[in-house]
Amino acid sequence: MAVLPLFVPNPVGGLVLTIVVTVIIIAFGTYVGVLMALQSFFDASAWQEATRPDDTEEED
């Protein structure tokens, strides 16, 4: 993180930037994790398969 002082000269700005970047990374990881869990739960190979409303598994 030696490049950070070049972009943010005051320490409060650096702290805010660090918190924002951390929250974005955690949010993105959570989003991807939820999508993967839903795909696994619905046994779908793609997200479109898991969310298609006309895809019902009715046995005759």
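**Helix 2 and its surroundings**

I began with helix 2, whose 31 residues reach 45 Å from the first C-alpha to the last, close to the 45 Å expected at 1.5 Å a residue. That expected span is 1.5 Å times one less than the number of residues. This is a predicted model, where local features need pLDDT of at least 70, side-chain atom pairs count only at pLDDT 80 or more, and totals for chains, interfaces and linings use all residues. Residues are numbered from 1 along each chain as its sequence is written, and side-chain values use heavy atoms, leaving out hydrogens and water.

I checked what comes after helix 2 and found Asp 43, with a positive phi near 55°.

Next I counted elements: the protein has three helices and zero strands (DSSP runs, H or I of at least four residues for helices, E of at least two for strands, numbered from the N terminus).

I then looked up confidence (pLDDT, the predictor's own, from 0 to 100 per residue). The protein has a mean of 76, and 65% of its residues reach 70 or more.

Is Ile 24 buried or exposed? I noted a relative accessible area of 54%, so Ile 24 is exposed (over 50%; buried is under 20%, partly exposed in between, with a 1.4 Å probe and protein chains only). Ile 24 lies in helix 2, residues 11-41. Of the protein's 60 residues, 8% count as buried.
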